[in-house]
Amino acid sequence: MYRYDEFDDTLVRERAQQFRGQVERRLKGELKEEHFKPLRLQNGVYLQLHAYMLRVAIPYGQLNAKKMRQLAMVADVYDKGYAHFTTRQNVQYNWIALADMPDVLDVLADVEMHAIQTSGNCIRNVTSDHLAGANRDEIEDPRPWCEIIRQWSTFHPEFSSLPRKFKIAVTAGETDRAAVRVHDIGLHMKKNAEGKVGFEFIVGGGLGRTPFVGPTVREWVAKEDLLSYLEANMRVYNRHGRRDNKYKARIKILVSELGLEEYKRQVEEEFAAQNSWEKVVLPQEEIDRITAYFAPPKFEMLSAASPAFEAFKSESREHARWAKNNLRPHRAPGYASAHIALKQQGEAPGDATSDQMRAMADIGERFGLDDIRVAHEQDIVLPHVKLDDVPAVYAALKAAGLHASNAGLGSDIIACPGLDYCNLSNARSISVANEIQAVFADPEFEDEVGTLHVNVSGCINACGHHHVGHIGILGVDKKGEEFYQVLFGGRADEKAAIATIQGPGLRHEEVAPAIRRVIDTYLSLRRDGGEKFIDTMSRVGQAPFKEALYAAA
Amino acid sequence: MSSERPKLGPDIPKVVTAWLSATGRVVYLTQDRNWSEDLADAEVLTGIGANDILAWAAKDQTRVSDPYFMQVTPDGKVAGRETIRETIRARGPTNHPMFGKQAGNN
């Protein structure tokens, strides 16, 4: 894990100190809300439905036990004993008083954390693959490059007042677990014809009001050109991105309106025109210095087979189910990556209590090489767990109520906070997600259905990523009543696709039964051999599913 | 989206609501020009004079942020097309009732 140097520490602490002064002036009435608002947003402080909300950055989703415990302490001392992990690998608190915010930023700084780049029209917190450094299919660990981008973009004066917020994601696996095709810029690490690792630049993807799967602007950019090519893209966007209409201000609209070829031409022109003194060419020693922080841990030389793990699986169907659904293959023999699904039936997706956060810290520290990740699916992942330790890990998770065995299945629902917390939302998300979860309450039925991504957003801003759910749910306001549009066929992986709205919205109580009918239709149509929901839908089309959706209950 | 509040005509009963600047807590304007966390304490307004009271509230920036009109029934209950939003805002999140004001957790 990256460790702050003196510059990082000074920068974060000075920023917290600066915000303390701004808060004091606000509370004395020396700053009006209209003047204070952009300042608080630059520090991750939103004014939500019930109270102020603080969004804390977790760069590329990586935590350790010390940080997780500090986040739990913040939940206990300054909030109401819980926190919410988000689809951008961050964490949010819903109840912190403004007067306490500077103290919270100070205690976050004590563990090398902050709330910078979690709001405002800047380059936001960089996200990545939650299995980085552990999975078998990546060609290189993407985290050093995330960290390089973080350092380059933090307080970058040229890009601190962009037309709109700007989100960058990096992945290096064959399977895209970072949803790079639906980001403003997605970087997919790939080899060129000579076998050299670089970056595919995917630009202009995004969700929200106008969803796009981003097109590839350049198939391969050399590592040494990464920051210069990023700057070329940012400059074209900064120059031409619309500032007159915030709904048309994201780079996806610029790429769409200019057309891909013209956009590419302008970026290449900008890239070629950079003088040698303005190109950001990273010294190799700096790349090496940052990469060293992400050196693979010293894995023990283990057999791929673990008698303890095999015994655990054979002990009960409960154990076997968790192992099947929540463990992922690891690059080192005798290890696995463990998903802690924050999706227990009836709980808000992504929420964890302070006790659960401390439990995850303890488990990660003791059994996970002190490496804890936040996944954009709002789950927590321990990337490095010995198979021999799985029985102990599971027992500890179960004791903390963190043993949901549903990773990647129907009840592992992504959902935004919705109208229960959010000042922008039109409808509740959590309650609808909970009712859909109940459809999959029978473990045998959920396993029979298999891989299924259900994503719920409470408004068109799409924080619940409904456009890329196999089944997406979008809350809408219809004359003061909550309705929910249903979308089919989205996906966020390397075959990214935007889901299609099926038709009129359903009432709150109609959603879960309708989803059940859709699932039953899938089960009746799928091919033998466990054809996945999304594959069946691709093969047969959406019509039978739509018919089931609107069939009279 | 819901952040764009509906316009309320002069005949529609309404209260002024906002967030306390220091804590972010939801509050309602009372007849004596104080702010209460209890909707029952709010002054129900009608007529064009209500706009002057909202303008006064907008200047009370040290104590509150972003005041706006919220529709109510003549006896001060949440009403209108924002009923769900304002009920949740007044009472607390429906998924965590123990944190809401309905649980006496003020």
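**Reasoning from the model: chains A and B**

Chain A is divided into domain 1 (6-109), domain 2 (142-292), domain 3 (312-399) and domain 4 (414-550). The C-alpha centres of domain 1 of chain A and domain 2 of chain A lie 27 Å apart. The structure is a predicted model.

Q: What confidence does the predictor give the complex, and what confidence does chain B have?
A: The predictor gives the complex an ipTM of 0.93 and a pTM of 0.96. For chain B, the mean pLDDT is 91, and 90% of the residues reach 70 or more.

Q: Why is Val16(B) called buried?
A: A residue is buried if 20 or more other C-beta atoms lie within 10 Å of its own. Val16(B) has 24 other C-beta atoms within 10 Å, and is therefore classed as buried. The residue is found in strand β1 (residues 14-20) of chain B.

Q: Which residues does Val16(B) touch, not counting those up to four places away in sequence?
A: Val16(B) touches Tyr28(B), Leu29(B), Ile53(B), Leu54(B), Ala57(B), Pro67(B) and Phe69(B). As for Asn34(B), 18 residues from Val16(B) along the chain, the two C-alpha atoms are separated by 11 Å.

Q: Why is Leu11(A) called partly exposed?
A: The partly exposed class lies between the exposed limit of 12 or fewer C-beta atoms and the buried limit of 20 or more. Leu11(A) has 18 other C-beta atoms within 10 Å, so the residue is partly exposed. Its place is in helix α1 (residues 6-28) of chain A. Leu11(A) and Ala109(A) are 98 residues apart in sequence, yet their C-alpha atoms are 9.9 Å apart in space.

Q: How do you know that the span of helix α12 of chain A agrees with its number of residues?
A: Helix α12(A) has 14 residues (354-367), and at 1.5 Å a residue these should span 20 Å. The expected span is 1.5 Å times one less than the number of residues. The end C-alpha atoms of α12(A) are 20 Å apart, so the span agrees.

Q: Which residues of α12(A) are buried, and what follows the helix?
A: The buried residues of α12(A) include Ser354(A), Gln356(A), Met357(A), Arg358(A) and Ile363(A). The helix is followed by Leu369(A), whose phi is positive, near 55°.

Q: What makes strand β12 of chain A mostly covered?
A: Six of the six residues of β12(A) (335-340) are buried. Tyr335(A), Ser337(A) and His339(A) point one way from the strand, whereas Ala336(A), Ala338(A) and Ile340(A) point the other way. Both groups are buried.

Q: How do you know that β12(A) pairs with strands β11 and β15 of chain A?
A: Two strands pair if at least two bridges are found between them. Three bridges join β11(A) (residues 327-329) to β12(A), and five join β12(A) to β15(A) (residues 380-386); both counts therefore meet the cut-off. The strands run antiparallel in the pairing with β11(A) and in that with β15(A). Arg328(A) stands opposite Ser337(A), and Tyr335(A) stands opposite Lys386(A). The hairpin of β11(A) and β12(A) has five residues between the strands, and Gly334(A) takes a positive phi near 85° there.

Q: What makes β6 and β10 of chain A edge strands?
A: Five strands of chain A form an open sheet in the order β6-β7-β8-β9-β10, with mixed pairing. Strands β6 (127-128) and β10 (216-222) each pair on one side only, and are the edge strands. Within this sheet, four bridges join β7(A) (residues 168-171) to β8(A) (residues 185-191), and these two run parallel. The bridge partner of Ala169(A) in β8(A) is Gly186(A).

Q: What pattern does chain B follow along the sequence?
A: Chain B follows the pattern β-β-β-α-β-α, with two helices and four strands. Of its 106 residues, 34% count as buried. Among contacts in chain B between residues at least 6 apart in sequence, 51% join residues at least 24 apart.

Q: Which elements of chain B give two or more residues to the side that touches chain A?
A: The contact takes 27 residues from chain B and 30 residues from chain A. On the chain B side, the elements giving two or more residues are β4 (64-71) and α2 (83-91). Helix α2(B) gives the most, with five residues. The residues on this side divide into eight nonpolar, 13 polar and six charged.

Definitions and conventions: Residues are numbered from 1 along each chain as its sequence is written. Chains are lettered from A and ligands numbered from 1 in the order in which they are written. This is a predicted model: local features need pLDDT of at least 70, side-chain atom pairs count only at pLDDT 80 or more; totals for chains, interfaces and linings use all residues. Two residues are in contact if their C-beta atoms, placed from the backbone, lie within 7 Å. Domain bounds come from an automatic or database domain assignment. pLDDT is the predictor's confidence in each residue, from 0 to 100. Ala, Val, Leu, Ile, Met, Phe, Trp, Tyr, Cys and Pro count as nonpolar, Asp, Glu, Lys and Arg as charged, and the others, Gly among them, as polar.
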